[in-house]
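Biologist: I would like a close look at one residue, followed by a walk through its surroundings and the rest of the model. Please give the cut-offs as you go.

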Amino acid sequence: MPVRQPTENLLRPPGGSGDARRVRIRPIESTGDDFAAWYDVYLSARLADHPDGPQWLEHELSVIYEGNANHGVKLWLADDRDKAVGAAVLGLPLRDNLTLAEPEVYVRPEESRRGIGGTLLATLDDAARELGRTSQLIYLEGPTGADRTSGTAFAEKHAFTRRITEIARVQRPPFDLDGIARAEEAARPLAEGYTIVGWRNHAPDEYVEEYARLEGRLSTDAPLGDLDYEAEAWDVTRIRTGEERRGRMGRDTWTTAAMAPDGTMAGVTVIMLARDSDATGFQDTTVVDPRHRGHRLGLLLKATNLRRVLADRPGVQTVWTWNADSNAHMIAINEALGYRVAGWSAGYQRSL
Ligand SMILES: CC(C)(COP(=O)(O)OP(=O)(O)OC[C@H]1O[C@@H](n2cnc3c(N)ncnc32)[C@H](O)[C@@H]1OP(=O)(O)O)[C@@H](O)C(=O)NCCC(=O)NCCS
């Protein structure tokens, strides 16, 4: 892939002071010394819009942004003299969605409205075009009570349109352990005949192929709103790549799955939590194969998995989950398990 040369851009002065300053935009690597500055800008921008929102840790993002055979990543940093003021990342699906690019732009709050964000986005646009990408997708997040953020204003200014809204829900201590156990018990009779299995981190060989099949389903089974997004290509190698990467990120995963009598996987759910921090747990994939719906497997799997996580890591401070606002069934499950609305995330798309 081509590597862009640093560009220099003369930007608008802050506050109209007439003191136009030079901002230099240059590509960086997530494994290099500059990544700490990149992360600092990223976090300051995110906290300004969503102070209590979920965050990746620096050492986790550094691994995610190494990229891999499934997903390429390019990073840029914007400096004003010696101060990092802007950060950008371009995600590039490499196995599916080959015409899609996923730009993200972050600017320190005190440096906003100077045109830094727009200049970074133009840099990402050029890189995406060079790589033959014709569509761009961004996910923006915000807290409940603030429907508009700097991110939505910026995206709309740049002709992105909202295609899907997801509602973020969160669990915080004190956890309703009895309620979770009751949900599990209530769901169990309807799931008779299914075997519930669970593992931490490495999927046992006997389940991994079926697990990959269900991961592939999730990409198009979950409501997609008006997003233009094609089915993701999943196989065992992709599962193993993800496991290896999460290991290096220092994140543990808890997976609970239901096996049907014929040996196929009927449903699966995953929660991730950093090994060295209780701050942010993520509810990842939950999918029930359409052939096995109506047996309360979604509730049973999520309740069982959450119980396992809380038993292993009782100090966890948040577990986050996201659902399309149209996904009434999964929302009912999450509410039953004690997840409460805490924000939103929205997918914005445009043609390039
Ligand atoms: C969104 C963000 C990148 C904008 O950076 P920026 O350097 O201020 O962007 P620009 O100066 O190029 O702004 C371009 C236009 O976006 C809109 N905009 C940006 N921030 C805005 C805000 N807080 N309120 C209203 N409009 C805003 C305006 O139309 C602005 O043009 P104007 O200043 O001439 O009115 C920055 O605020 C940020 O990091 N937000 C948090 C992260 C995020 O949501 N990123 C989203 C993009 S993927």
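Where is Thr 286 found?

Modeller: Thr 286 is found in strand E11, residues 281-288. Helices (H or I, at least four residues) and strands (E, at least two) are DSSP runs numbered from the N terminus. This is a predicted model, in which local features need pLDDT of at least 70 and side-chain atom pairs count only at pLDDT 80 or more, while totals for chains, interfaces and linings use all residues. Residues are numbered from 1 along each chain as its sequence is written, and side-chain values use heavy atoms, with hydrogens and water left out.

Thr 286 counts as buried because its relative accessibility is 11%; buried means under 20% relative accessible area, exposed over 50%, and partly exposed in between, with a 1.4 Å probe and protein chains only.

A nonpolar core is a set of buried Ala, Val, Leu, Ile, Met, Phe, Trp, Tyr and Cys residues joined through side-chain atoms within 4.5 Å. The largest one has 27 residues, and Tyr 194, Leu 297, Leu 306 and Leu 337 have the most contacts inside it. At least two of its residues come from each of helix H5 (177-187), strand E9 (251-259), strand E10 (265-274), helix H8 (297-312) and helix H9 (328-336). H8 gives this core its largest share, 8 residues. Leaving aside neighbours within four places in sequence, Leu 306 is in contact (heavy atoms within 4.5 Å) with Gln 171, Ile 180, Ile 271, Val 319, Leu 337 and Tyr 339. A second, separate core of 19 residues includes Tyr 42, Ala 45, Leu 77 and Tyr 106. In soluble globular proteins, nonpolar side chains tend to be buried together.

Next, the ligand. The shell around the ligand holds 20 residues, and Val 107, Arg 113, Gly 115, Gly 117 and Gly 118 are the closest; a residue is near a molecule if one of its heavy atoms lies within 4 Å of it. Helix H1 (35-49), strand E5 (100-107), helix H3 (116-130) and helix H4 (150-157) each supply at least two residues of the shell, and the largest share, 5 residues, comes from H4. By type, the shell divides into 8 nonpolar, 6 polar and 6 charged residues. Backbone atoms also come within polar range of the ligand: an N or O atom of Val 105 lies 2.8 Å from a ligand nitrogen, one of Arg 114 lies 3.3 Å from a ligand oxygen, and a polar backbone atom of Gly 118 is 2.8 Å from a ligand oxygen. Taken alone, the ligand exposes 900 Å², and the protein buries 79% of that. The accessible areas come from the Shrake-Rupley method with a 1.4 Å probe; for residues, only the protein chains shown count as cover.

Arg 114 has a side-chain partner as well: a polar contact of 3.3 Å joins its side chain to that of Asp 80. Asp 80 lies in strand E3, residues 71-80, and is buried because its relative accessible area is 5%. Arg 113 is in the loop between E5 and H3 and counts as exposed because its relative accessible area is 76%.

Some backbone geometry remains. Most residues other than glycine have a negative phi, and most peptide bonds are trans. Arg 113, although not a glycine, has a positive phi of about 65°. Asn 201, also not a glycine, has a positive phi of about 70°; it sits in the loop between strand E8 (195-200) and helix H6 (205-221). The peptide bond from Pro 173 to Pro 174 is cis, with omega near 0°, and Pro 174 is in the loop between strand E7 (161-171) and H5.

Notes:
A polar contact is a pair of N or O atoms within 3.5 Å; within protein, one must be able to donate a hydrogen and the other to accept it, and residues adjacent in sequence count only if both atoms are side-chain atoms. Ala, Val, Leu, Ile, Met, Phe, Trp, Tyr, Cys and Pro count as nonpolar, Asp, Glu, Lys and Arg as charged, and the others, Gly among them, as polar.
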